[in-house]
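Thank you all for coming; I would like to walk you slowly through one structure, so please look at the screen while I talk.

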Amino acid sequence: MAYLDRPIEYVKGVGPQRADLLKKELQIFTVADLLQHYPFRYVDRTRFTLIRDIPADTQYVQLRGRLITLGEVGGASGKRLSGILQDSSGMIELVWFKGFRWITRALSVGDEYIVFGKPSYFQNRLNLVHPEIEPASTPIAEKMQGFQPVYPSTEKLKAKGLDSKGIMRMMLKVLEDLPAYEIKENLPDEVRKQYRLIPRYEAIRYIHHPPGEKEANEAIRRLKFEELFLSQVSILQLKVGRRQHASGYIFQNISNVFNQFYHQHLKFELTAAQKRVLREIRQDVLSGKQMNRLLQGDVGSGKTIVALMSMLMAVDNGYQCCMMAPTEILAQQHYRNITSMLAGLPVKTELITSSVKGKARKFILQGLQTGEVHIAVGTHALIEEAVQFDNLGLVVIDEQHRFGVAQRAALWEKSEHPPHILVMTATPIPRTLAMTLYGDLDVSVIDELPPGRTPVITRHIYESRRLALFGFLRDQIRQGRQVYVVYPLIDESEKLDLKNLMEGYEAIIRQFPPPAYSVGVLHGRMKPEDKELEMQRFVKGETQIMVSTTVIEVGVDVPNATVMVIENAERFGLSQLHQLRGRVGRGASQSYCILVSGNKLSSEAKKRLQTMVETQDGFLIAETDMHMRGPGDIEGTRQSGIMNFRIADITKDAAMLTEARKAAQAILEIDPHLLLPRHAALKNFLASRQQKARKWSKIS
């Protein structure tokens with residue numbers, strides 16, 4: 001067995017109990033896993049300070065001296081273990097408040113020790129509380145000097161002696177026994193030379209046991225670049241492979257339906273961005289290769305019309321299309337909009353959701369099988385086995401991050417020949433995140449809003465101004481407008497969510513009593529038919545105020561709704577706040593988003609709310625959100641399986657990610673399948689990693 005594959009319990013000093021904890025707490029199963037448990041910072045232990053020269057404001061200090069006394073002092077309520085360390089310049093007290101028995105056994109008065117800790121003052125006397133202490137004569141003491149790594153640990157591991165120092169001892173033992181030949185180089189020579197990267201074996205040694213700051217930084221840079229480069233090679237190979245092997249339907253004709261719709265039924269001029277994206281899609285469906293395109297566009301930018309016109313390209317060429325949405329409300333809205341826009345055209349559109357049953361469902365399924373139905377709009381019900389198409393040519397997936405990989409793949413396999421894929425998102429994705437999450441897809445961006453859209457005025461108010469808010473809402477309702485009032489959803493406590501929502505609903509009812517006002521309520525626990533009834537009443541203007549959880553977050557379009565009130569706004573993420581704001585501003589009237597928060601706000605919450613007030617740019621908001629929360633918390637990234645970088649951070653290392661992608665593209669342009677001898681090490685490394693890695697869907 002290779003040393004790197006050795007189970008962690010067989011490393012000296014670990015054993016079964018500690019191994020179980022390492023597996024549960026840090027997912028460390030083998031020596032290789034341990035070596036990838038990287039330090040998060042370093043402490044400079046290259047220098048010793050004389051006791052008399054300890055600076056008053058220093059963070060940490062390292063001393064070398066003789067222990068001249070050790071014993072318990074103080075009464076029962078303030079007992080402590082006190083030792084006096086002496087060097088050539090003076091003396092200092094070492095203090096412990098727990099672990100007396102273990103420390104007394106481990107230390108001997110008269111011996112020389114290396115002591116490391118944070119200086120503090122007690123009764124005007126300098127001391128070190130709970131310092132690290134090692135006999136100066138032991139070999140490990142020498143190794144634990146220098147530029148020392150600090151490792152992530154957990155409370156359970158610390159209780160078993162595996163704090164940062166314990167992990168470092170274990171790591172040093174592994175490095176002693178590690179054969180150099182097992183750390184195989186995985187970067188091509190041309191990449192290492194171009195970016196001046198140290199060899200992989202050196203990087204592994206230096207990251208855990210650096211002689212100094214320079215070597216530690218070189219190791220960090222090498223290992224970060226390696227992670228980002230390997231991820232980009234894997235992603236771009238998917239793209240290369242698909243382009244070479246996945247042939248696609250050719251939509252040669254742009255004829256009757258498309259032209260008739262564009263010239264006679266489209267009631268507004270497309271923006272330049274919409275036209276550009278349609279040209280990109282047109283090139284894809286003429287190329288003979290399967291299209292896999294991500295369409296990004298901010299709230300209200302007009303992605304749906306681009307998707308519809310893409311579907312009409314398919315219909316003109318004798319193919320069927322389907323459009324899958326994450327919720328029944330959104331699917332029904334798409335269906336209504338599409339059937340309204342296509343009225344009078346020879347295009348048959350049907351809706352497939354769990355609510356469509358009996359004869360109606362049977363009739364639709366038959367129409368899909370015979371090809372009589374050209375466009376199917378629906379929810380995840382579209383992927384049920386009973387739903388079969390005659391000739392599926394294009395699949396549109398709306399708000400794709402709401403669907404799991406298996407669901408998307410099932411839809412992709414509805415046709416004998418792979419259909420073209422257009423995935424859409426109204427959640428703007430930062431450039432670096434898109435490069436990592438969707439690097440194998442072609443990306444189109446609608447980066448301008450249709451003309452005539454009035455920007456939504458956003459205000460942040462505290463709860464104390466609620467009466468003024470109610471007055472503002474009455475004024476808007478008098479003008480014939482409608483209002484959303486949204487409450488947060490906390491995953492951990494659905495009952496508490498419902499309680500908060502219903503209390504809010506009752507408070508609104510007291511301020512806006514019937515019959516003068518009509519107030520609706522909408523939440524996730526309602527039956528689908530009840531949700532639809534409430535939403536339809538709001539769409540028709542029968543309800544003036546909709547009190548809701550975030551089920552109205554995505555896509556719901558009520559042009560007459562001009563006010564979005566977000567309660568407990570500090571509990572929402574930036575992207576979610578932006579999505580909710582996008583529910584208003586759909587019509588010609590001035591719209592408003594009111595962020596209501598408690599009086600006590602964290603600095604992060606203040607920054608989120610301030611960002612919302614200051615900008616409407618979804619891409620700027622997404623960048624800010626990623627910088628604040630980190631890429632792993634952005635919606636949809638957890639299921640991707642590719643955000644598990646151990647040392648790189650695409651937020652902080654964006655420039656390096658761009659360089660790594662360039663390097664990967666340069667390699668794959670000359671050697672797409674890594675067949676050249678100089679790329680053999682890279683190919684072998686990726687192959688061995690793929691055996692252990694999660695399988696990626698063809699629709700990422």
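Let me begin with a definition: helices (H or I, at least four residues) and strands (E, at least two) are DSSP runs, numbered from the N terminus. What you see is a predicted model, in which local features need pLDDT of at least 70 and side-chain atom pairs count only at pLDDT 80 or more, while totals for chains, interfaces and linings use all residues. Residues are numbered from 1 along each chain as its sequence is written, and side-chain values use heavy atoms, with hydrogens and water left out.

First, the overall picture. The protein chain has 24 helices and 22 strands, and of its 700 residues 52% count as buried, where buried means under 20% relative accessible area, exposed means over 50%, and partly exposed lies in between (1.4 Å probe, protein chains only). If we take contact to mean heavy atoms within 4.5 Å, then among contacts in the protein chain between residues at least 6 apart in sequence, 74% join residues at least 24 apart.

Now to helix H14, residues 358-370. The expected span of a helix is 1.5 Å times one less than its number of residues, so the 13 residues of H14 should span 18 Å, and the end C-alpha atoms, 19 Å apart, agree with that. Which residues of H14 are buried? They are Arg361, Ile364, Leu365, Gly367 and Leu368, and seen down the axis of H14 these buried residues fall within an arc of 160 degrees, so they line one face of the helix; the arc is that of the directions from the helix axis to the C-beta atoms. That buried side packs against strand E11 (320-324), strand E12 (349-352) and strand E13 (375-378), whereas the face turned away from it carries the exposed residues Gly358, Lys359, Lys362 and Phe363. Just after H14, glycine 371 takes a positive phi of about 90 degrees.

Helix H1, residues 15-26, can be read in a similar order. Its 12 residues should span 16 Å at 1.5 Å a residue, and its end C-alpha atoms are 16 Å apart, which agrees. In H1, Gly15, Ala19, Leu21, Leu22 and Leu26 are buried, and because they fall within an arc of 160 degrees when seen down the axis of H1, they line one face of the helix. Among the elements that cover these buried residues are helix H5 (155-159) and helix H6 (164-177), while on the other side of H1 the residues Pro16, Gln17 and Lys24 are exposed. Glutamine 27 follows H1, with a positive phi near 55 degrees.

Let me turn to charged side chains. A salt bridge here is a side-chain nitrogen of Lys or Arg within 4 Å of a carboxyl oxygen of Asp or Glu, and the structure holds 29 of them. One of these joins aspartate 653 and lysine 224 at 3.2 Å, N to O, and the pair links distant parts of the chain, 429 residues apart, with aspartate 653 in the loop between helix H22 (618-629) and helix H23 (654-670) and lysine 224 in helix H9 (residues 213-245). Both aspartate 653 and lysine 224 are buried. Another salt bridge pairs arginine 293 with aspartate 284 at 2.6 Å, N to O; arginine 293 is buried with a relative accessible area of 8%, and aspartate 284 is buried with 13%.

Within helix H23, glutamate 659 and lysine 662 lie 3 residues apart, about one turn of the helix, and their closest N and O atoms are 3.3 Å apart in a salt bridge. Glutamate 659 counts as partly exposed at 29% relative accessibility, and lysine 662 is partly exposed as well, with a relative accessible area of 44%. There is also a network of salt bridges that links Glu185, Arg200, Arg222 and Glu226.

Finally, consider isoleucine 207, whose place is in helix H8 (residues 200-208). Is isoleucine 207 buried or exposed? At 0% relative accessibility, isoleucine 207 counts as buried. Not counting residues up to four places away in sequence, isoleucine 207 touches Tyr38, Pro39, Tyr42, Pro149, Ala219, Ile220, Leu223 and Ile647.
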